[in-house]
Amino acid sequence: MPEDAPEEFAAAMERLRGVRLRPEVVLEEVPAPQRIAPHAVAVSAEVLQDGEELATGRFVLLYDPAGQEAWEGTFRAVTFVRAALEPDLGADPMIGQVGWTWLQECLDAAGAEYTAAGGTVTRVVSESFGSLAQRPTTVEIEVRASWTPRSDVATQLEGWAGLLCTVGGLP
């Protein structure tokens, strides 16, 4: 942690580092973006079960002591989650709404209070042709979201990890 980190950000980093998640969620601290906010911390994650990767993602906590109007606060959580889905779900017109609802439910279940949430849910359908025609059709869901924490940042990470497990198919 940088020695010049403000006390509020340093405390948030300690809270994030102290979070204990399900054993299937493997976190690794990674370099954070440098130009979005004066201070940031980032983790990447994989959900693994029996050696199989079920979902991946990234959680970034931004901090600007001066605040940013669009954030409606000094902290901002910026996240990404991706997982494979069953191919028949690729045609479901409600999958975007379902993905967004999963995010909200997971944050709520963790007790994560937040405001100014926004994001996208994307389904990626890949079909192979020609010499690759034998490959099966694959479908992935991607949830990209950001929000302003209004409660302990540990609950924000816990809620996001819940989303990671949900899109990965874990109960």
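Predicted model: local features only at pLDDT ≥ 70, side-chain atom pairs only at ≥ 80, totals over all residues.
1. Core. The largest nonpolar core of the model holds 42 residues. Those with the most contacts inside it are Val-47, Phe-59, Leu-61, Trp-147, Trp-160 and Leu-164. At least two core residues come from each of these elements: helix H1 (7–17), strand S2 (39–49), strand S3, strand S4 (73–85), helix H2 (95–109), strand S6 (138–149) and helix H3 (153–167). Helix H3 gives the most, with 9 residues.

2. Salt bridges overall. A search of the whole structure returns 6 salt bridges.

3. Glu-14 pairs with Arg-17 in a salt bridge, and their closest N and O atoms are 3.9 Å apart. That falls inside the cut-off, because a salt bridge is counted when a side-chain nitrogen of Lys or Arg is within 4 Å of a carboxyl oxygen of Asp or Glu. The two residues are 3 residues apart in helix H1, so about one helical turn separates them. Glu-14 is partly exposed, with a relative accessible area of 47%. Arg-17 is also partly exposed, at 34%.

4. Bridge between strands. Arg-82 forms a salt bridge with Glu-142, with 3.7 Å between the closest N and O atoms. Arg-82 belongs to strand S4 and Glu-142 to strand S6, so this pair ties together parts that are 60 residues apart in sequence. The accessibility of the two ends should be read separately. Arg-82 is partly exposed, with a relative accessible area of 31%. Glu-142 has a relative accessibility of 11% and counts as buried, because buried means under 20% relative accessible area.

5. Arg-144 is partly exposed, with a relative accessible area of 41%. Elsewhere, salt bridges that share partners join Glu-14, Arg-17 and Glu-29 into one network. The Glu-14 and Arg-17 pair of point 3 therefore belongs to this network.

6. Negative patch. Glu-28, Glu-46, Asp-50, Glu-52 and Glu-53 form a negative surface patch. Of these, Glu-53 lies in strand S3 (residues 52–68). Glu-53 is partly exposed, with a relative accessible area of 44%.

7. Asp-50. This patch member is placed in the loop between S2 and S3. Its relative accessibility is 81%, and Asp-50 counts as exposed, because exposed means over 50%. The phi angle of Asp-50 is near 55°, a positive value in a residue other than glycine.

8. Glu-72. A positive phi is also found at Glu-72, where the value is about 65° although the residue is not a glycine. Glu-72 sits in the loop between S3 and S4. With 45% relative accessibility, Glu-72 counts as partly exposed.

Conventions. Residues numbered from 1 in each chain as written. Heavy atoms only, no water. Patch = residues over 30% accessible without salt bridge, like charges linked within 9 Å, V, L, I, M, F, W, Y side chains within 5 Å. Areas by Shrake-Rupley, 256 points an atom, 1.4 Å probe, with all protein chains shown as cover. Lys, Arg positive; Asp, Glu negative; His and termini not counted. Charge placed at Lys NZ, Arg CZ, Asp CG, Glu CD. Helix = DSSP H or I, 4+ residues; strand = E, 2+ residues; numbered from the N terminus. Buried < 20%, exposed > 50% of the residue type's maximum accessible area, 1.4 Å probe, protein only. Core = buried A, V, L, I, M, F, W, Y, C linked by side-chain atoms within 4.5 Å.
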